[in-house]
Amino acid sequence: MALPVEEWRLCAARRWAALEPALRERLAAASLHDTLRLGCGLLRPEAEAAALRGLCRRARAGKEPAAARFYREEGNRLFGRRHYGAAARLYSQAASHELPGSPEVSVCFANRSAALFHLGRFEVCLEDIARAESHGYPDRLLPKVLLRKAECLLCLGRLQDAADALSVVENKIAMDGIMTSPTHQALLKKLSQLKIKIHEKESWPEPAREACADIQRKSEIWEENDSISGASSSLSLNFDIERGRHLVASQDILPGQSLLKEEAFVSVLCPGESFLPQDSSETAWDTRVTNADLYCHRCLRQLLASVPCRGCSYAKYCSQNCADVAWEQYHRTECSLGALLLTLGVFCHVALRTVLLAGFAEVSRLVEWSHGGDKDLHNPEARCKHLSEAPDTRAGTRGIPGCNDNGQYQSSYQAVFNLLPHAEKHSPEHKFLCTLSVVAICKQLQEAGLEAAVLNQESSEKWSRPKICEKTSDELSPELKIMAEAMLRHVLQLQCNAQAITVMQESGSRDGAVVNKKPVRLATAFFPVLSLLNHSCCPNISVSFSGTAATVRASQPIPSGQEIFHCYGPHRCRMRVAERQQLLSQYFFECRCQACLDELESDVKSVVSVRNSFCCPSCQAPIQVGEDMLCCSNEACAISVSRESLSHRLRDLQQQIKKALELLRDRKADQAIKMLLKCRMDAGNFLSPEHLLMGEMEDHLAQVYATLGKWQEAARHLERSIEIVEMHHGPSSVEIGHELFKLAQILFNGFAVSEALSTIQRAEEILSVHCGPQSTQIQELQEMKTCLLELPRSVLQRT
């Protein structure tokens, strides 16, 4: 959630309404500096601050041993049912709630290692065993874990290491004396079996190494720009009064060509609903899996066995190195503020982390610079106007906001600081909410004794635990006011400049041979160079992400001199022009891209209007669009029906589809098929054949048939879905690429070799343009192709 929780928004709204009208007028017209100065005294300890503390108590970001016991027991229950993946995640939750140094945390790691072993993740299992040992795993239980270590090493082919591990177990058992209990007898039996396996493997001849399939990977053409960090030399940085800073092709660009590779200056994981404050009557701990459980909180890599923060239960990392780097850069300050940051939303969290990464010296320098005497030149929007009128504007990029003294635009804090906050365009109420939120964070930093850490005035050793000040003041220190002003600027910037980092995440069960994926918002970030791209509802680029890095590729030919356009969300293929304009109003501009002009200035209906339409419930002819009543276009029928009744029918249909998918998740595939087929029949009576929901139902039917191994039926339904997706998004869209990827999996598993090879080729051509030749999906497609091409010639000829 980008903004604070609703209760805090309502609290701020009540405070705003209670202010004197004259003060509201001053705040509405004030600069960022004056807004912060006036707002510092408006967070009352006995009212707003107290309400915020109450909300924070519901966020549950601290260590709770009772929660650890709950998650560990739930993990044991699922482990017993052989749900090893779910059990591993619950053991991770348990470890995150255990107090650092407690023996129980070692039990969590040991239990998780058992789940990982059953999942065949031997390397990660060994890491967890090492963690269990280093955290003081009980001596009496150690032989069982060490035997698991030996078995992992054996599975990995590390025979000498496995033999050494068994020797350690043997010596330990000998030191502990004679054991007669059934458990110890089982250990001895397992030890003997492993020794035999090692001996057998040692006597086997060394297997001939198979030559790895030479998967051809296209090398990406790349020559970096001298003036724009991470950008291709095929781009140039321009600006004018209407478009501000923007990127233009300086030469002809081909589809699939890389244009920009940028690491986020700052990114913050979007936590997921279960981490946001819940109703205080709820006492049970949440077992739902969210982004916070699935991805590293620093590098955003997918987690299998997380390393928990030693201070809070929320932050989790893919490795101890990521945990250490995060602590050093920002988490030592954020750790004790976890509940507050979850309550105030991701935008406030991004703002805080931005100033922590930049450091007080750089923040102070730029804040003081923004207070300079020439207000126009230090206001980025006014500077753009001033520079667009300057006679030497075209001579280079020197002087463009965000560029350094050498005219280079880098992915730096200076570039972030110069992104437009649009302070005068935000509503006064919104600015007031942001001001109170930022002040609340800085006061918490001051009260927790973290001010010196924020200002980089102490060594990292002194930050291991926050200090509680003996005295607290309602007034922020001058240094924290500087940090607060910068944070307020960044919160306002994010409305127009936040970039969602998205990933293709598996949806539904992972048991099937066909993996269904959908794009999911993973994090919110500042990408200063990517932010230079202006919006179009019909963009000419695609953006893909790997961890915290963004890559921009041309999705179509871009001639020299044409501007590079990004889509901020509203796309011509996904919504009507009126809906797009409404959503884009948050960016404080009216879209005048070619797609919008075509729809606004002509009688041509949008693709969405034509294909996502209703049809006559009586004769299935197209329905003519009206305000409240819709009329059949067939003169012989001429039936009229209310828009509301059809909309109600559509909502009922969507609920039935949802129930069918729940049946599929409960492994009731036959019932799911019956319900989906009935839904499809009902939909055909009032939805146009090209309606996207018709395609979604075909996609769901393909998914169900694939779980049953009925590959031909699955392929037939998915091909119909692809036809509808292609009508909406076009034959070379990334959406078609993802659908073809699923079809390739179905045809591969159904042994339809020739169809699979042609589908793989088409999917590869499309996805390499949008996602690049090194993407995971491209590699999987190439592996399928290699496997099929290695089949005997007689098999290939038959298929």
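**View 1. The coiled-coil region that UniProt places at residues 643–670.** The UniProt entry is unreviewed; its positions follow the numbering used here, feature names are shortened, and annotations may be inferred rather than shown by experiment. This is a predicted model, in which local features need pLDDT of at least 70, side-chain atom pairs count only at pLDDT 80 or more, and totals for chains, interfaces and linings use all residues. Residues are numbered from 1 along each chain as its sequence is written, and side-chain values use heavy atoms, leaving out hydrogens and water. The stretch 643–670 is 89% helix and 0% strand, with 34 Å between its end C-alpha atoms. Helices (H or I, at least four residues) and strands (E, at least two) are DSSP runs, numbered from the N terminus.

**View 2. The MYND-type domain, listed by UniProt (unreviewed entry) at residues 296–335.** Here the chain is 38% helix and 10% strand. The end C-alpha atoms are 15 Å apart.

**View 3. Helix α30, residues 734–749.** Of the 16 residues, 13 are buried (under 20% relative accessible area, with a 1.4 Å probe and protein chains only; exposed is over 50%, partly exposed in between). Just after α30, Phe751 has a positive phi of about 65 degrees.

Methods. The expected span of a helix is 1.5 Å times one less than its number of residues.
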